[in-house]
Amino acid sequence: MNTGIVMHYLAKAMLIGTLLFLIPAAVSLCYGEYFCALIFLLTCAGTAAVFGLFSLYKPKRQQIRTRESMVIAALLWLIFSVVSALPFYFTGEIPDIWNAIFESVSGFTTTGATILSDVECLSHGLSFWRCFSHWIGGMGVLVLAIAILPSSGDAIYLMRAECPGPSVSKLVPKGKNSALYLYLIYIGLTLLTFLFLLFGGMPVFDSICHAMSVAGTGGFSIKNAGIAAYGSAYIEGVLTVAMILFGINFSLYYFILMRQFHEVKKNTEIKVYLTIMALATILMMCNTYSIYQSVGKTFRAVIFQATSIMTSTGFATEDFVQWPMFSQMILLCLMFIGGCSGSTGGGFKVQRVVLLEKSGQLSLRKLVYPNSVNTVKSDGKMLSTDVVHGVMRYLVIYLGIAVFSVLLLSLKSEDFTATVTSVLSCLSNNGPALGSLGPMENYSGLFNLSKMVLCVDMLLGRLECLPLLILFMPTAWRRDF
């Protein structure tokens, strides 16, 4: 392990992240919330001073490989999540430090689970900070740092450590430019969402907050009733389209801008993604029609929830805990599957599901034709066995973590449904669960142990397990040069 380069890049990334505190500070000043602005500025100054000293260290060897990049990503998310909880705590608006950390982790991992029963009592600065944390976490602090910092030949390793999905490839030869293009696309889609919400009559501040929240597929709202507070079919329609768009691999938008439409046309993942969403919507409409007694009302309710859950956004306009069990099970399946790789959506990822299905088909074919030579193909390309085995290993790790987390939560919980679904929800970075932790409830009633377990699950889900697990491997820290 090259600990010198880990410390160097971690300090630089934290300095970039620290500057982000200036934005909610400016928002607080605009609304005359001077104490809140002061807390943001002090947090910014204190963090910058500490990591500014660390950044002065110049490692002898500049090389970064997979191991170092994963450790950098894991430490960055752990430290930044805790530091970002300080404004909640020191302003007194979330007076319990464990609750403040839970809210911060939920924000940056774009989970959207909250301990707040009254979000409207928050100051404008902290309301903005909650939604802004979704926007930052959606694409990642490390990717932002790569886009801003001087070019590094090892940037692709850092991107792969933080970006979700089975694999991350360069859009252009330089990893730094790939990160920059991804952020420009991200900003452009966010601005479009903001303008469409504003056009629909949503106030400016509300439009900014919800545009950032949906961009990161996070789900924090500044209203106690969430999106339902606006009672607008237009706003729900805009957010539904936005959630679908942010759940798609961002590389495809780059190909569209470059007019490489053949790359989009042959992409299997987006076809499966849209097909699953459409099929789930139709099935749930048939199952819930008796509740709404209208095709239009049923479609409006179901398409929003299906999109919100599959993209891991977690917005809710309906209490789907009251829906028939069949619809609830479909939502749980969507929660597990999640969005596309390379998107801001969470979950297991559609691409992994596709690869597992193809691998299963080949296994059955091998039983029928033992001497046949079979390979897994994706978008016309043959995949190495390492990629396929990596997906299977990830599934085993994912399920193992889920089982262990459920056991830990069961020490302090007697609600089986809430215990199991809250773990799945947090691992999928979704937010709402079932049972007593449904979309109209919050996580404030959980014990601190349960909250911390779910915080770890949120981080594991956002970083896709491996970076965080490597931190606890003694062999990973062994010096090899």
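Is Glu464 buried or exposed? At 7% relative accessibility, Glu464 counts as buried, because the cut-off for buried is under 20%. Glu464 sits in the loop between α21 and α22, the latter spanning 466-470. Check the backbone too: phi of Glu464 is near 55°, a positive value in a residue other than glycine. Most residues other than glycine have a negative phi. Keep in mind throughout that this is a predicted model.

**Whole chain**

Zoom out and show the cartoon. The protein has 22 helices and two strands. There are 481 residues in the protein, and buried residues make up 56% of them. Now look at contacts between residues at least 6 apart in sequence: 70% of these join residues at least 24 apart. Switch to the surface. The accessible area comes to about 20200 Å², and carbon and sulfur atoms account for 68% of that.

**The core**

Hide the surface and select Trp129, Phe250, Leu334 and Tyr443. These residues have the most contacts inside the largest nonpolar core, which has 131 residues. In soluble globular proteins, nonpolar side chains tend to be buried together.

**α6 against α21**

Next, select residues 97-108 for helix α6 and residues 448-462 for helix α21. Their axes lie 10 Å apart, and the helices pack at an angle of about 20°. That makes α6 roughly parallel to α21, because angles under 35 degrees count as such. The crossing of these two helices, α6 and α21, is left-handed. Show side chains at the contact. From α6 come Trp98, Asn99, Ile101, Phe102, Val105 and Ser106. Facing them from α21 are Asn448, Lys451, Met452, Leu454, Cys455, Met458 and Leu459.

**α7 against α11**

How do α7 and α11 cross, and how many Å separate their axes? Select residues 124-139 for α7 and 204-215 for α11. The axes come within 6 Å and cross at roughly 30°. So α7 is roughly parallel to α11. The crossing of α7 and α11 is left-handed. On the α7 side, pick His124, Ser127, Phe128, Cys131, Phe132, His134 and Trp135. They meet Phe205, Ile208, Cys209, Met212, Ser213 and Ala215 in α11.

Ile187 belongs to helix α10. At 35% relative accessibility, Ile187 counts as partly exposed.

**Two loop residues**

Select Pro203. This proline lies in the loop between α10 (175-199) and α11. Pro203 has 42% relative accessibility and therefore counts as partly exposed. Beyond its neighbours within four places in sequence, Pro203 is in contact with Leu198 and Tyr230.

Which loop holds Arg259? Arg259 is in the loop between α13 (250-257) and α14 (261-265). Its phi is near 60°, a positive value in a residue other than glycine. At 69% relative accessibility, Arg259 counts as exposed.

To finish, display Arg259 and Glu464 together. Arg259 counts as exposed, whereas Glu464 counts as buried.

Conventions
Residues are numbered from 1 along each chain as its sequence is written. This is a predicted model: local features need pLDDT of at least 70, side-chain atom pairs count only at pLDDT 80 or more; totals for chains, interfaces and linings use all residues. Side-chain values use heavy atoms; hydrogens and water are left out. Helices (H or I, at least four residues) and strands (E, at least two) are DSSP runs, numbered from the N terminus. Buried means under 20% relative accessible area, exposed over 50%, partly exposed in between (1.4 Å probe, protein chains only). Contact means heavy atoms within 4.5 Å. Accessible areas come from the Shrake-Rupley method with a 1.4 Å probe; for residues, only the protein chains shown count as cover. A nonpolar core is a set of buried Ala, Val, Leu, Ile, Met, Phe, Trp, Tyr and Cys residues joined through side-chain atoms within 4.5 Å. Axes are lines fitted to C-alpha atoms, for helices over the stretch in contact, and angles run from 0 to 180 degrees between N-to-C directions. Angles under 35 degrees count as roughly parallel, over 145 as roughly antiparallel, 65 to 115 as roughly perpendicular and the rest as oblique. A crossing is left-handed if the near helix is turned anticlockwise from the far one by less than a right angle, and right-handed if clockwise.
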